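Here are my notes on this model, point by point. Please read them alongside the coordinates.

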Amino acid sequence: MANSETFAVYCAGEMIDGTDIGITYIYAVTPLGRVRMTADEAETLGRSLIAAAEYDRKLEAEDKS
């Protein structure tokens, strides 16, 4: 993974026993290093980050009023 990337997705190559389904993980690059999470965990994190950004924008708009 290049240092300039913020997010990267890779297929871990892990198969669920008895199926043809593989598990996909998301890598997020943080100041502390790479963090591996499932797609569901990444979706939850993404929703939280969007909510935090919207809250921050709301506070900035209120401060300008």
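**Notes on the predicted model**

1. Surface first. The chain has an accessible surface of about 5,400 Å², and carbon and sulfur atoms hold 54% of that. Areas come from the Shrake-Rupley method with a 1.4 Å probe; for residues, only the protein chains shown count as cover.

2. Ground rules. This is a predicted model, in which local features need pLDDT of at least 70, side-chain atom pairs count only at pLDDT 80 or more, and totals for chains, interfaces and linings use all residues. Residues are numbered from 1 along each chain as its sequence is written, and side-chain values use heavy atoms, with hydrogens and water left out.

3. Confidence. pLDDT is the predictor's confidence in each residue, from 0 to 100. Its average over the chain is 77, and 80% of the residues score at least 70. Helix 1 has the highest confidence, with a mean of 88, while strand 1 (residues 7–15) has the lowest, at 58. Where pLDDT is low, the predicted coordinates should not be read in detail.

4. Layout. The chain contains three strands and one helix. Their order from the N terminus is β-β-β-α. Both kinds of element are DSSP runs, numbered from the N terminus: helices are H or I with at least four residues, strands are E with at least two.

5. Of the 65 residues in the chain, 11% count as buried. The classes are buried (under 20% relative accessible area), exposed (over 50%) and partly exposed (in between), with a 1.4 Å probe and protein chains only. A contact means heavy atoms within 4.5 Å. Among contacts with a separation of 6 or more, 10% link residues 24 or more positions apart.

6. The hairpin. Strand 2 and strand 3 form a hairpin, with two residues between them. Strand 3 covers residues 33–38; the two strands run antiparallel and are joined by six bridges. Pairing requires that DSSP finds at least two bridges between two strands. Tyr25 has Thr38 of strand 3 as its bridge partner. Ala28 is bridged to Val35, also in strand 3.

7. Tyr27. Is this residue buried or exposed? Tyr27 counts as buried because its relative accessibility is 18%. The residue lies in strand 2 (residues 22–30). Its C-alpha atom is 8.8 Å from that of Thr38, eleven residues away along the chain.

8. Met15. This residue belongs to strand 1. Its relative accessible area is 48%, so Met15 is partly exposed. Beyond its neighbours within four places in sequence, Met15 is in contact with Asp20, Ile21 and Gly22.

9. The salt bridge. One turns up in a search of the whole structure. The criterion is a side-chain nitrogen of Lys or Arg within 4 Å of a carboxyl oxygen of Asp or Glu. The side chains involved are those of Arg47 and Glu43, at 2.6 Å from N to O. Why are they separated by about one helical turn? Because Arg47 and Glu43 are four residues apart in helix 1 (residues 39–64). Arg47 counts as exposed, at 57% relative accessibility. Glu43 is partly exposed, at 42%.
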